[in-house]
Amino acid sequence: SRPSFYQRGYDHRWQRTRRRFLRGHPTCERCGAPAQDVHHLDGLGPLGPRGHDPANLQALCHSCHSRITNEGMPKRTRPPEQHPGLL
């Protein structure tokens with residue numbers, strides 16, 4: 001099963017980093033709406049080597065963050081079914 005949010009590094013330290021970053025970057029860097037989320041540019045999250053480095057962070061509104069996150073996620077598809085004659 002997937003590690004919990006806390007186990008993936010989104011702990012109290014991350015909450016402080018996130019709040020501090022959003023105070024300095026209050027608008028979405030993509031569309032200009034109020035920023036609510038902080039995106040890791042390297043995709044590694046807070047446990048990555050640059051997880052709390054402001055140069056690796058991007059302020060985004062929730063909509064833009066969801067769009068970016070979903071683009072980077074592998075698409076979940078069912079494996080192709082074997083033809084019964086090939087089993």
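Leaving aside its neighbours within four places in sequence, with which residues is Asp 37 in contact? In this predicted model, the residues in contact with Asp 37 are Arg 18, Leu 22, Gln 58, Ala 59, Leu 60, Cys 61, His 62 and His 65.

**Asp 37 and its strand**

Asp 37 belongs to strand E1, which spans residues 37–40. Strand E1 runs antiparallel to strand E2 (residues 57–60), and four bridges join the two. Leu 60 is the bridge partner of Asp 37 in E2. Strand E1 is covered on both faces: Asp 37 and His 39 are buried on one side, and Val 38 and His 40 are buried on the other.

Although Asp 37 is buried, it has no salt bridge. Arg 18 is the nearest side chain of opposite charge, at 4.5 Å; a salt bridge requires the charged atoms to lie within 4 Å.

**Cysteines**

The structure holds zero disulfides. Cys 28 is in no disulfide, and the nearest cysteine sulfur, that of Cys 64, is 3.8 Å away. Cys 28 is buried, with a relative accessible area of 4%. For Cys 31, the closest cysteine sulfur is that of Cys 61; the sulfur atoms are 3.8 Å apart and therefore too far for a bond. Cys 31 is partly exposed, with a relative accessible area of 48%. Cys 61 is also among the residues in contact with Asp 37.

Methods
Residues numbered from 1 in each chain as written. Predicted model: local features only at pLDDT ≥ 70, side-chain atom pairs only at ≥ 80, totals over all residues. Heavy atoms only, no water. Buried < 20%, exposed > 50% of the residue type's maximum accessible area, 1.4 Å probe, protein only. Lys, Arg positive; Asp, Glu negative; His and termini not counted. Contact = heavy atoms within 4.5 Å. Pairing = 2+ DSSP bridges. Disulfide = S-S within 2.5 Å.
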